[in-house]
Amino acid sequence: MKIKKIDAYEILDSRGTPTVATRVTLENDIEEFGFVPSGASTGSKEAVEKRDKAGSFNGKGVQGVITDAEKSFFPAFIGMEVENQLEIDRKIIELDGTENKAKVGANITLALSLATCKAAAAAKKKKLYSYINTLFNDCFNTNVQMKMPLPMMNILNGGAHANNGLDFQEFMIQPVGFSSFKKGLTCGVEVFNSLKETLDKKGFSTAVGDEGGFAPEINSPEEALNLISEAILSSGYKVEEEVTFALDCASTEIFDDESYIFSDKKKFSSDELINYLKELRKSYPITSIEDALDENDWQGWNNLTKEMGKETQLVGDDLFVTNKDIFQEGIQKNLANSILIKINQIGTLTETLETINLAKENNYKTVISHRSGETEDSFIADLAVGSGAGQIKTGAPSRSDRTSKYNRLLMIDSWENFEFLGRNELNK
Ligand code: PGA
Ligand code: ZN
């Protein structure tokens, strides 16, 4: 089915910041939309969002960028076969011509790439996750099975996502001890609600941060993990056996080219930070740590992987920015053992799938992720299932921008009989 028309809209993300929605209309009048999220603690090598720089929304508007794309970028794709995702994404990359989508803007390229995929799935009358699965397997000549992802739920927010004293950005839980996605998610939701009561009883605010997790005025990781432990116990679940912890330190945000600086002015070298995390892991069942170190501290990452990589999932987010070439170099240098996958860090679906495939080929685990600025769109839920990624990180079960993904997964789970591996997902 051929593409008849492409247009785009300036819409709002969950922080009220403008973002792009692109509509692809096919010759049979099927239309689908691609929505683009936006990060706050971005890696320096991410594909870049293009904004108007002047005018409304303090220069963060995208209407001008959209008007330009409608005039001089989208027309190149009219008449193309919508099912040819690879060719369309190749053309996007070629017409942009930059390393980081700077000419057209990754917000434009991704919106088009995702709308293309959704329209093709609709034209083929296939569920989006199933279409993505076929796309993936055809593209890499492989046979990846669809499965339900283990959630990594950010229930306590700090760093760039909140204005409390917590330096680490995300305190997450993983419901590892359950036999189905639904049971695991239910546990996560109950712990989240129990955390609200725990915080309330202790006189802390229960206001939430950008990703729907609570953002109480606390200062140390230990305090955060103790509060969550208490919430797990009072909701009747077992710490470690059923629920484990995951951290996103987002350490690029606290690195000053030499040391890691915490808000109490304490300075850590990368060795000291590694030792601190090792100690923390002795006291709490932490199964996963993301961006433990700065994106450029590769020697530190190599040490970290040697020191902690056997027992702990070490996730590269700012470190790899979903970029196949950077990731390939990181694999060769033995950095981390897992990768966070964010579609807007790279700017097309095909490149995202290539990075997921590279991870699978090298036994790195994959965690499909939202951004702190999200939309109501649930594409990443289908991506997680369709690519058999294994894990998903999409915030707390609060705020519709987060629950839209969990809700989509609940529906997929009820329609299909896909496997859910729980803890075994981490032990592979
Ligand atoms: P961001 O944060 O979307 O604000 O970049 C998410 C993360 O660091 O994982
Ligand atoms: Zn991160």
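1. Let's start with T206. Setting aside neighbours within four places in sequence, T206 touches K196, L199, D200 and F214. Please keep in mind as you read on that this is a predicted model.

2. Where does T206 sit? You will find T206 in the loop that runs between α5 (181-201) and α6 (221-234).

3. Now to a pair of helices. Helix α3 (residues 106-123) packs against helix α4 (residues 128-140) at about 105 degrees, and their axes are 9 Å apart. That angle is why α3 is described as roughly perpendicular to α4.

4. Which residues meet there? From α3 come C117, K118, A120 and A121, and from α4 come L128, Y131 and I132. Sorted by class, this α3 to α4 contact has six nonpolar residues, one charged residue and no polar ones.

5. Last, have a look at D413 in helix α13 (residues 400-415). D413 is buried but has no salt bridge. The nearest side chain of opposite charge is that of K182, 7.1 Å away, whereas a salt bridge calls for a side-chain nitrogen within 4 Å of a carboxyl oxygen.

6. What does D413 touch, leaving aside neighbours within four places in sequence? Its contacts are M148, F181 and K182.

Notes: Residues are numbered from 1 along each chain as its sequence is written. Chains are lettered from A and ligands numbered from 1 in the order in which they are written. This is a predicted model: local features need pLDDT of at least 70, side-chain atom pairs count only at pLDDT 80 or more; totals for chains, interfaces and linings use all residues. Side-chain values use heavy atoms; hydrogens and water are left out. Axes are lines fitted to C-alpha atoms, for helices over the stretch in contact, and angles run from 0 to 180 degrees between N-to-C directions. Helices (H or I, at least four residues) and strands (E, at least two) are DSSP runs, numbered from the N terminus. Angles under 35 degrees count as roughly parallel, over 145 as roughly antiparallel, 65 to 115 as roughly perpendicular and the rest as oblique. Contact means heavy atoms within 4.5 Å. Ala, Val, Leu, Ile, Met, Phe, Trp, Tyr, Cys and Pro count as nonpolar, Asp, Glu, Lys and Arg as charged, and the others, Gly among them, as polar. Buried means under 20% relative accessible area, exposed over 50%, partly exposed in between (1.4 Å probe, protein chains only). Lys and Arg count as positive and Asp and Glu as negative; His and the chain ends are not counted.
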